[in-house]
Amino acid sequence: MKNTQGPLTVAPHSNPTIGSDWREIHAENGIYEPIYVGEAQEADAVLFAAAPELLAALELLMSDPSRKSLLPETVLSARSAIAKATGR
């Protein structure tokens, strides 16, 4: 499974005739590339846009040798979230 690479941004839909509740989430790769367009609440769109960075932060945390000081349930939760995000 290939995850969408960040950073991502959230913006109002570029076609205002379909309604103001619609959002676009697209990659900042120099090309306008809509990744998700749907009727979503702003909080959902912002969370979706943050997902690649959240995944990267969790992967960095789990690769840090100091993670041994974390509680076992914290490590288990982080591993579970990484697995869910990557389809493993």
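Read along the sequence, the protein follows the pattern β-β-β-α-α, which amounts to two helices and three strands; helices (H or I, at least four residues) and strands (E, at least two) are DSSP runs, numbered from the N terminus. The model is a predicted one, in which local features need pLDDT of at least 70 and side-chain atom pairs count only at pLDDT 80 or more, while totals for chains, interfaces and linings use all residues. Residues are numbered from 1 along each chain as its sequence is written, and side-chain values use heavy atoms, with hydrogens and water left out.

The predictor's confidence in each residue is given as pLDDT, on a scale from 0 to 100; its mean for the protein is 79, and 73% of the residues reach 70 or more. Among the elements, strand β3 (residues 34–39) has the lowest mean pLDDT, 61, whereas α2 has the highest, 93. Buried residues make up 20% of the 88 residues in the protein, where buried means under 20% relative accessible area, exposed means over 50%, and partly exposed lies in between (1.4 Å probe, protein chains only). The protein exposes about 6300 Å², of which carbon and sulfur atoms supply 60%; accessible areas come from the Shrake-Rupley method with a 1.4 Å probe, and for residues only the protein chains shown count as cover. Of the contacts with a separation of 6 or more, 28% are accounted for by residues 24 or more positions apart, a contact being heavy atoms within 4.5 Å.

**The strands β1 and β2**

Strands β1 and β2 pair in the antiparallel sense over five bridges; two strands are said to pair if DSSP finds at least two bridges between them. Within this pairing, V10 stands opposite I25 in β2. Five of the six residues of β2 are buried, so this strand is largely enclosed by the rest of the structure.

Helix α1 (residues 42–63) has 22 residues and reaches 32 Å from its first C-alpha to its last, close to the 32 Å expected at 1.5 Å a residue; the expected span is 1.5 Å times one less than the number of residues. E59, found in the same helix α1, is partly exposed, with a relative accessible area of 34%. Leaving aside its neighbours within four places in sequence, E59 is in contact with I82 and T86.

**C-alpha separations**

| Pair | Distance along the chain | C-alpha separation |
|---|---|---|
| W22 and Q41 | 19 residues | 8.1 Å |
| E59 and R79 | 20 residues | 8.5 Å |
| H26 and V10 | 16 residues | 7.0 Å |
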